[in-house]
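Biologist: Hi, thanks for joining me. Please bring up the model for us to go through together.

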Amino acid sequence: MPGETITIQAGQCGNQVGLQYWQQLALEHGINKDGTPTSYPNTSFNSSQTGSHPSSQDSSSGSANGSKRLHREDHPELFFTLSDSNTYTPRSILIDLEPSVVTKALNSLPMLNPRNTHVSNHGNGAANNWSNGYKYESEHIENILNIIDKEVDKCDNLSQFQLIHSVAGGTGSGCGSKMLEVLQDRYTSKKIITTNSIFPSNEKTSDVVVQPYNSLLTLKRLIEFSNATFVFHNDALNNIENTVFNQGGLQDRDLSNATSFQGTNKLIAFASASVSNPMRFPSYMYSSIESIVAGLVPTPDLKFLTTSVAPFNTQSHHNYINEYDMFLELSDDRYKTNKCVSSSSSSSSEIAYISLMNYLISGSHLDRKEIRKGILKVQARTNFVPWTSRSVGVVHGKKSPYLSSKHLEGIQISNNTSIIDVFNKILRQYDLLVKRRAYLNTYAEDNSAEEMERVVDMLSECKESVVRVIDEYSACRSINYLEDEDDVEMDM
């Protein structure tokens, strides 16, 4: 049986997305806002797919938990704690330096544990500065670790820490960076660390002038301490919202009158929740986060993943979609959470794919003939790196029996070289600032020349890490990528 996941939400963005994420999981598992479960629907489809009775699935999770959930065929306990009073509480920790978003989350979703929150007593926020968030987390790390330790003790088989945060602000980037360092050092000799990282807009003027510094400092920690990072780029998210949401594609999810942030946050939440579908509604393959990450991340540096979301099934014209059409929709660059169009016109910069995994989430049986047809089409259209197999992973996800719609839904997770453009844009913005030493004083302890040099050296070290990953993604286009450098030199 797959292990539990503990989710850490850092900063305003992380907690706003986290609220939508837990609302999505609660909806799929029939859990009310106060944590009380609704009766599990009778579904012959789920029983026939798993080939086992619920009681046999529950026997491995302990007699206490098993006796409370014998009637269920899903596994909400991987993300929720089930109490003796038969109520569910998310396995989540909420961290912010400003209390308003955390307070709203607790009021909107009473199932969240208020003892699992950490908010600054001053409530002033991190002023959109990485160093403020990082310093605060370092000073209060023992209090936060006490909260995490209590959640870890509630797990029978913890397998994953999941961080939801922004890379460009203050708390999400600074506190998130320190959190990654501590998690790697304290817990994860055998645990997976994944992040849902929201990247800033590059095409429009940002109200955070130091976001290149924040992004660079955060990227170094993502590179060093995460096992997989799911990239959600604001520019791409806004394009998806304009393409799909404004066509009425999310009316049944109460998004018709939503603000831009609410729409994109729900998009991130849906994609993030769908990644864990085969764990929460188990089948034969990809029933653990380890198997999912192993199928997508071939080397430690090649771990920045792009998600694609097919149009949500609603009253829109997308309802008729079948398995073959779903493959085509998921391969459409318009629906990817990171722009998969290179800014360079040279043939060597064409986006290349390292791995590809498609989720087909359905409330009924799938047509194998249409799936095979879709796989062949994707293989023919996709530019894979030459050293990898051209395999297209397929996950048959199960639609929650609590959802009224039984239409086909899907996401795609891919590891591709589009991250090069994202990193290069951040580096260009960074170079423009650092060349004039603009705003470096906000990251320094004092205004002395020695301190300024320390800050520059720190940022330069971060830039080197990002450049190394860019070089790694560029090099992976070569057929000799997996060979040792010594072997390549001997061949030459």
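Biologist: What does Gly295 touch, not counting residues up to four places away in sequence?
Modeller: Gly295 touches Ser355 and Met357, where a contact means heavy atoms within 4.5 Å. Keep in mind that this is a predicted model, where local features need pLDDT of at least 70 and side-chain atom pairs count only at pLDDT 80 or more, while totals for chains, interfaces and linings use all residues. Residues are numbered from 1 along each chain as its sequence is written, and side-chain values use heavy atoms, with hydrogens and water left out.

Biologist: Where is the place of Gly295?
Modeller: Look in the loop that links helix H13 (289–294) to strand E9 (304–309). The labels come from DSSP runs, with helices (H or I) of at least four residues and strands (E) of at least two, numbered from the N terminus. Gly295 is partly exposed, because its relative accessible area is 40%. With a 1.4 Å probe and protein chains only, under 20% counts as buried, over 50% as exposed, and in between as partly exposed. The C-alpha atom of Gly295 is also 8.1 Å from that of Gly393, although the two are 98 residues apart along the chain.

Biologist: Now the backbone. Which residue other than glycine has a positive phi near 55 degrees?
Modeller: One is Ala127, with phi near 55 degrees. Ala127 sits in the loop between E5 and helix H6 (130–139), and is exposed, because its relative accessible area is 62%. Tyr286 is another non-glycine with a positive phi, of about 55 degrees. Tyr286 lies in the loop between helix H12 (277–280) and H13. For background, most residues other than glycine have a negative phi.

Biologist: Good to know. How many helices and strands does the protein chain have?
Modeller: There are 18 helices and twelve strands. Of the 492 residues in the protein chain, 59% are buried. Among contacts with a separation of 6 or more, 79% are between residues 24 or more positions apart.

Biologist: On to the sheet, then. In what order do the ten strands go?
Modeller: The order is E5-E4-E1-E6-E7-E8-E9-E12-E10-E11, in an open sheet with mixed pairing. Two strands pair if DSSP finds at least two bridges between them. Strands E5 (117–119) and E11 (393–398) are the edges, each with a single partner strand, so one side of each has no neighbour in the sheet. From one strand to the next, the twist averages 20 degrees.

Biologist: Is strand E1 (residues 4–10) covered or uncovered, and how many of its residues are buried?
Modeller: Strand E1 is mostly covered, with seven of its seven residues buried. Glu4, Ile6, Ile8 and Ala10 point one way, while Thr5, Thr7 and Gln9 point the other way. In a regular strand the side chains alternate between the two faces of the sheet.

Biologist: And which strand do six bridges join to E1?
Modeller: That is strand E6 (residues 158–166), which runs parallel to E1. Ile6 stands opposite Phe161 in E6. E1 also pairs with E4 in the parallel sense, over four bridges, and Ala10 has Ile95 in E4 as its bridge partner.

Biologist: Let's switch to helices. At what angle do the axes of H16 and H17 cross?
Modeller: Helix H16 (residues 419–434) and helix H17 (residues 449–475) cross at roughly 155 degrees, and their axes come within 10 Å. That makes H16 roughly antiparallel to H17. Axes are lines fitted to C-alpha atoms, for helices over the stretch in contact, and angles run from 0 to 180 degrees between N-to-C directions. Under 35 degrees counts as roughly parallel, over 145 as roughly antiparallel, 65 to 115 as roughly perpendicular, and the rest as oblique.

Biologist: Which residues in H16 meet H17?
Modeller: Among them are Phe423, Leu427 and Tyr430 in H16, and the H17 side includes Val466, Ile470 and Tyr473. By class, this contact of H16 with H17 has eleven nonpolar, three polar and two charged residues. Ala, Val, Leu, Ile, Met, Phe, Trp, Tyr, Cys and Pro count as nonpolar, Asp, Glu, Lys and Arg as charged, and the others, Gly among them, as polar.

Biologist: Last one: at what angle do H9 and H17 pack?
Modeller: Helix H9 (residues 211–225) packs on H17 at about 55 degrees, with the axes 9 Å apart. H9 and H17 are therefore oblique to each other. The residues of their contact divide into ten nonpolar, one polar and six charged.
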